[in-house]
Amino acid sequence: MSASADQRWPWWPLLPLYPYGRRRTLVRELIAGRLWSFEQVQGVWYVAVPIRMLVLRVREGLLLYAPVAPTAEVRARLRDLEERHGRVCTIVLPTASGLEHKLPVPAMARAFPEAQVWVTPRQWSFPLPLPPAWLGFPAARTRVLLSDGVPHGDQLDWLPLGPLDLGLGTFLEIACFDRASGSLLLTDALVAIPPEPPAVFDLDPTPLLFHARERGNEPLLDDPERRRRGWWRMVLFATYLRPRPLEILPMGEVLRHCLAPGCRGAKSHFGFYPFRWLPGWQADFEALTPGGRSRLQVAAVLERLVFPRQRSALVAWIRQLAGLKDLRWVVPAHHEAPVASSAADLTALADRIERGDWAPDHGAWETLAGIDTTLVRLGLVPGDTHQIPKPQP
Ligand SMILES: [Fe+2]
């Protein structure tokens, strides 16, 4: 089978994100013989960020945490791991709200028909609330985390953040702590943004090179500096939706740059590039990576649109994580992983969130704040703190 056939993901129209029907996968061993990362990219209009499935070796075999699209390439690499470490025995969907993590689960479950599937409570679908079986989860072997128990409870701890009422649905994420390796597996709640482009973009740097340009009539050129510039800009889009140091060009000017020599292919969107980055734009990225290093943080989109009125629940959860014995690594589903983290690091993060300026309205946050204000005004999200009672274990 050709590489592109191996990377085909036929279910992409359910959530039509870049790179659509072709998902390249980077497999890395994060902790020798214990934890592996299967990384793809996903995004909107070339604003792509890494999305990661974690494969954890437990006593009974392999546990898949937050599956990615199970292309033939992914399945083949999992079969390789199975030969060395035992069968895939458990598939976990650790979030109620992250559609990008939910959609691959039914196909992954079909690929491993003997595996037990565990999902968080309060799965929801949009625009219609559908029962889990309609969402494709195999009813006979799907169980609900916490309310039906937990998988591998003698080796792993399961720590829910939420459920939190978002108005449009429920936020609930369940972290998984592997006591043997000191690894804390997360989905969306925390990230660490690396200053250099993640290695998964080496498989196809097109998104980086697209955003590295200053005008639509520049061809896509490849060098380390351009890759880094493109990465920084993509992170600002993904973090703030509309970065502050950015002008949207008038359509006449955009069209004038279209179809320039070297920009006449689909890869460069035929020269369609409506952005002009303003001098000093780098400062907003540098604020996300103090000292030029990645740092564990709450993604701005979550802080301003998901948790703006849930600071205390988030702080309490992070303090609970900080209490885990022998914590060494935080391993999120996006951006950098693993992130070396101690209890003191997580306590410091909780302190920063508790005492700092939370979910601000100004500066780089203006677009996110405007969306939140509109949703509150329309009554689509609650304007005050409102937490749903926790599911009973
Ligand atoms: Fe996510």
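This is a predicted model: local features need pLDDT of at least 70, side-chain atom pairs count only at pLDDT 80 or more; totals for chains, interfaces and linings use all residues.
In what order do the seven strands of the open sheet lie?

**View 1. The open sheet.** The strand order is β1-β2-β3-β4-β5-β6-β7. Pairing among these seven strands is mixed. β1 (26-31) and β7 (142-144) are the edge strands. Each has a single partner strand, so one side of each lacks a neighbour in the sheet. Direction ignored, neighbouring strands are turned by 25° against each other on average.

**View 2. Strands β4 and β5.** β4 covers residues 61-65 and β5 covers residues 88-93. The two strands run parallel. Four bridges join them.

View 3. Helix α4 spans residues 104-111. This helix lies across three strands: β4, β5 and β6 (116-119). Against β5, α4 runs at about 170°.

**View 4. Two domains.** The domain assignment gives domain 1 as 3-193 + 300-348. Domain 2 is 207-291. Taken over C-alpha atoms, the centres of domain 1 and domain 2 are 30 Å apart.

**View 5. Where the domains touch.** Eight residues of domain 1 are in contact with eleven residues of domain 2. On the domain 1 side, β3 (47-58) and α9 (300-306) each supply at least two residues. The largest share, three residues, comes from β3. What classes of residue make up the side of domain 1 that touches domain 2? Seven are nonpolar and one is polar. No charged residues occur on this side.

Methods. Residues are numbered from 1 along each chain as its sequence is written. Two strands pair if DSSP finds at least two bridges between them. Axes are lines fitted to C-alpha atoms, for helices over the stretch in contact, and angles run from 0 to 180 degrees between N-to-C directions. Two residues are in contact if their C-beta atoms, placed from the backbone, lie within 7 Å. Domain bounds come from an automatic or database domain assignment. Ala, Val, Leu, Ile, Met, Phe, Trp, Tyr, Cys and Pro count as nonpolar, Asp, Glu, Lys and Arg as charged, and the others, Gly among them, as polar.
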